Amino acid sequence: MNPTALTILIAYSAVTILALAAVLWIWKSTHSFDRDRKDEVDTHKLVEGEKGWFIFAVITLGILALATLAFIPYGDNAAAKGQQQVSVEGQQFAWVMNPGTIEAGTPVRFKVTAKDVNHGFGVYNDDNVMLFQIQAVPDSVSHIVYTFKVPGRYQVVCMEFCGVNHHNMIGQFQVEAAK
């Protein structure tokens, strides 16, 4: 398991345990275990308690949202020195990539667009495992940065139905060992 996946697993496990503990604590605080009690209901106190729980829930969810923002894999997509640049254009029913050879170990910025209709630029390794996918849209350039660690042949497949010959829209490129 890669370090990012492990970090996400640990973070979400901790969040799940905290949420379960909060639910159990709320359940315990709202259930009476004394069967013979005959208290009168203080509705004002209940209303104030509900406001408190609502504020607690909003703050807790806000903290969880902020705590997990760091795990979102997007955002580190700004152009950086030393990146390899590959321009990709999808057209019915082919991929045009320049250059067709990439060096392993150096980040690659794919600039993806389409000539005609929407396409999905999906990259697979030799084991048919999808590494990433990004939309190719006419009159728009999408960017994605990926670092190939293993030299070899990589396959590009169109991930969005683009016409009758969509199933044949397959391309490839080569990743060579670092020099």
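These legends accompany several close-up views of a predicted model.

**View 1. An open, mixed sheet of five strands.** Let's begin with the sheet, whose strands run in the order S3-S9-S8-S5-S6. The edges belong to strand S3 (101-103) and strand S6 (130-136); each has a single partner strand, so one side of each is left without a neighbour in the sheet. On average, neighbouring strands are turned by 25° against each other, direction ignored.

**View 2. The pairing of S3 with S9.** Here S3 meets strand S9 (residues 170-176) in the parallel sense, over three bridges. To find your way, look for isoleucine 102, whose bridge partner in S9 is valine 175.

**View 3. The largest nonpolar core, with 24 residues.** The members that touch the most others are Trp95, Phe110, Phe121, Phe148 and Phe173. Two or more residues each come from strand S1 (84-91), strand S2 (94-98), strand S4 (107-114), strand S5 (119-124), S6, strand S8 (152-158) and S9. S4 gives the largest share, four residues.

**View 4. The surroundings of phenylalanine 148.** Leaving aside residues up to four places away in sequence, phenylalanine 148 touches Ile102, Ala104, Gly105, Val108, Phe110, Val123, Leu131, Phe132, Tyr154, Phe173 and Val175.

**View 5. Aromatic pairs around phenylalanine 121.** The whole structure holds 14 aromatic pairs. In one of them, phenylalanine 110 and phenylalanine 121 are tilted, at 5.6 Å centre to centre and 50° between the planes. This pair links distant parts of the chain, with phenylalanine 110 in strand S4 and phenylalanine 121 in strand S5, eleven residues apart. Both of these residues are buried. Phenylalanine 121 also forms a tilted pair with phenylalanine 132, at 6.2 Å centre to centre and 50° between the planes. Because phenylalanine 121 lies in strand S5 and phenylalanine 132 in strand S6, this second pair ties together parts that are eleven residues apart in sequence. The relative accessible area is 0% for phenylalanine 121 and 7% for phenylalanine 132.

**View 6. Cysteine 158 and cysteine 162, in no disulfide.** The structure holds zero disulfides. For cysteine 158, the nearest cysteine sulfur is that of cysteine 162, 3.9 Å away, whereas a disulfide would need the sulfur atoms within 2.5 Å. Cysteine 158 is buried, with a relative accessible area of 4%, and cysteine 162 is buried as well, at 5%.

Notes. Residues are numbered from 1 along each chain as its sequence is written. This is a predicted model: local features need pLDDT of at least 70, side-chain atom pairs count only at pLDDT 80 or more; totals for chains, interfaces and linings use all residues. Side-chain values use heavy atoms; hydrogens and water are left out. Two strands pair if DSSP finds at least two bridges between them. Axes are lines fitted to C-alpha atoms, for helices over the stretch in contact, and angles run from 0 to 180 degrees between N-to-C directions. A nonpolar core is a set of buried Ala, Val, Leu, Ile, Met, Phe, Trp, Tyr and Cys residues joined through side-chain atoms within 4.5 Å. Buried means under 20% relative accessible area, exposed over 50%, partly exposed in between (1.4 Å probe, protein chains only). Contact means heavy atoms within 4.5 Å. Rings of Phe, Tyr and Trp (its six-membered ring) pair if their centres lie within 6.5 Å; planes under 30 degrees apart count as stacked, over 60 as edge-to-face and the rest as tilted.
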